[in-house]
Amino acid sequence: MASLARGQVTDALRRLRQAKAGATSLPAGDRSRAALALGVALASAGRGTEALLEGLEALARAREVSDRRGEVACARFLAQLSEASGADEAAGIWRRVVE
């Protein structure tokens with residue numbers, strides 16, 4: 001994420017993909033966080049479809065371990081993605097998950 005903040009998008013994506021790959025044997029909560037971080041980076045890079053898939057993966061893993069905070073973070077991210085793509089109805093649905 002530090003690389004992303006410095007504008008080094010390619011490096012950030014490479015590192016976050018590696019982190020996600022390295023998390024495959026970790027608990028679902030860790031896999032959720034890795035997928036969400038990669039999703040945020042992908043969204044920053046303008047790769048909305050890939051970001052959406054990572055966000056959904058992150059949400060699934062958060063729900064797998066009943067991580068409400070993780071679920072809320074993922075739903076907020078998915079709402080932002082939906083809104084950015086002009087899917088206001090979908091964004092509203094994701095926001096209701098947070099309530």
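Visitor: In what order do the elements of the protein chain run from the N terminus on?

Guide: From the N terminus on, the order is α-α-α-α-α-α. Please keep in mind that this is a predicted model.

Visitor: And how many helices and strands does the secondary structure come to?

Guide: The protein chain has six helices and zero strands.

Visitor: What radius of gyration does the chain have, and what would a compact globule have?

Guide: The radius of gyration of the protein chain is 13 Å, and this agrees with the value near 13 Å that a compact globule of 99 residues would have. Along the principal axes, the C-alpha atoms fill a box of roughly 35 × 30 × 20 Å.

Visitor: What share of the residues count as buried?

Guide: The buried share is 38% of the 99 residues. As for contacts between residues at least 6 apart in sequence, 48% of them join residues at least 24 apart.

Visitor: Let us turn to the helices. At what angle do α3 and α5 cross?

Guide: Helix α3, residues 28–44, and helix α5, residues 68–84, cross at roughly 20 degrees, and their axes come within 11 Å. An angle under 35 degrees counts as roughly parallel, so α3 is roughly parallel to α5. The crossing of these two helices is left-handed.

Visitor: Which residues make that contact?

Guide: On the α3 side they are S32, L36, G39, V40 and A43, and on the α5 side they are A73, C74, F77 and L81. By type, the residues of this contact of α3 with α5 comprise seven nonpolar, two polar and no charged.

Visitor: What about α5 and α6: at what angle do they pack?

Guide: Helix α5 packs with helix α6, residues 88–98, at about 165 degrees, and the axes are 8 Å apart. Angles over 145 degrees count as roughly antiparallel, and α5 and α6 are therefore roughly antiparallel to each other. Here α5 passes α6 in a left-handed crossing.

Visitor: Which residues of α5 and α6 are in the contact?

Guide: Helix α5 contributes R68, E71, V72, A75, R76, L78, A79, S82 and E83, while α6 contributes D88, A90, A91, W94, R95, V97 and V98. The residues of the contact of α5 with α6 divide into nine nonpolar, one polar and six charged.

Visitor: Take S82, then. Is it buried or exposed, and why?

Guide: Residue S82, which lies in helix α5, counts as buried because its relative accessibility is 9%, and the cut-off for buried is under 20%. Neighbours within four places in sequence aside, S82 is in contact with A87, A90, A91 and W94.

Visitor: New topic: T49. Is it buried or exposed?

Guide: T49 is exposed, with a relative accessible area of 60%. Its place is in helix α4, which covers residues 48–64.

Visitor: How many residues apart are T49 and L81 in sequence, and how far apart are they in space?

Guide: T49 and L81 are 32 residues apart in sequence, and in space their C-alpha atoms are 9.2 Å apart.

Visitor: Last one. Where is A19 found?

Guide: A19 is found in helix α2, residues 9–22. With a relative accessible area of 42%, A19 is partly exposed. The C-alpha atoms of A19 and A35 are separated by 9.0 Å, and the two residues are 16 apart along the chain.

How values were computed:
Residues numbered from 1 in each chain as written. Predicted model: local features only at pLDDT ≥ 70, side-chain atom pairs only at ≥ 80, totals over all residues. Heavy atoms only, no water. Axes fitted to C-alpha atoms, helices over the stretch in contact; angles between N-to-C directions. Helix = DSSP H or I, 4+ residues; strand = E, 2+ residues; numbered from the N terminus. Parallel < 35°, antiparallel > 145°, perpendicular 65-115°, else oblique. Left-handed = near helix turned anticlockwise from the far one by under 90°. Contact = heavy atoms within 4.5 Å. Nonpolar A, V, L, I, M, F, W, Y, C, P; charged D, E, K, R; others polar. Buried < 20%, exposed > 50% of the residue type's maximum accessible area, 1.4 Å probe, protein only. Rg over C-alpha atoms; globule rule 2.2 N^0.38 Å.
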